[in-house]
Amino acid sequence: MKTFPSLVILALTLHCGCFTTQVKPRDDAFTGHVNTSAFGWTSTVPVKNLKKVKGLFHEGIGMIDNADDFDTFWNIFTLNQPIIRPGIDFSNFIVIMVYSPEYYNICRIIGVDVNKGLALPIISSTRTKLKVQETVYMSVVPIPREGVLAVISGDRTLKVSAVKKP
């Protein structure tokens, strides 16, 4: 799957339960919808800078579950502009990011469906055919960590790490 529209097909497939994953769903894990319409940030990000974020992206979806990785990401996301970093409590939240890896489409995470601990971002985007050149348009939202085991990203999952105790 190389195109962003294929994520929509993937979302429909996932709701049918027809997928494989490295993280096993748990019946006792959270199931529900997280509305993200009031939260989040969007920006254009240079493609070359995406490689600086530690292996968190696959098929245009990424996840950060700790403050150190978020600090690195925030500098890339804001292009080192003096924009105040949001204070996210990573013991209670994770951050999900999306972008179109093939086309320059404006993407926005409008919600996250969680089924037995597996989180699937619900994405709204434009449908341009402008190939990605130097920048991508990215959407970033925090969601509650509790009950989320992994974020579904293309044909694999990004496992949420355990909270580090101080």
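A search of the whole structure finds two salt bridges. A salt bridge here is a side-chain nitrogen of Lys or Arg within 4 Å of a carboxyl oxygen of Asp or Glu. Side chains of opposite charge can pair when their charged atoms come close. The model is predicted: local features need pLDDT of at least 70, side-chain atom pairs count only at pLDDT 80 or more, and totals for chains, interfaces and linings use all residues. Residues are numbered from 1 along each chain as its sequence is written, and side-chain values use heavy atoms, leaving out hydrogens and water.

Start with Asp-71 and Arg-85. Their closest N and O atoms are 2.4 Å apart. Asp-71 sits in helix 3 (residues 67–77), while Arg-85 is in the loop between helix 3 and strand 5 (93–99). Asp-71 is partly exposed at 33% relative accessible area. Arg-85 is also partly exposed, at 29%. Buried means under 20%, exposed over 50%, and partly exposed in between (1.4 Å probe, protein chains only).

Next come Lys-131 and Glu-102, which meet at 3.0 Å, N to O. Lys-131 lies in the loop between strand 7 (118–125) and strand 8 (135–144), and Glu-102 in the loop between strand 5 and strand 6 (107–115), so the bridge ties together parts 29 residues apart in sequence. Lys-131 is partly exposed at 44%, whereas Glu-102 is buried at 18%.

Now step back. The chain has three helices and ten strands. Helices (H or I, at least four residues) and strands (E, at least two) are DSSP runs, numbered from the N terminus. Of the 166 residues, 46% are buried.
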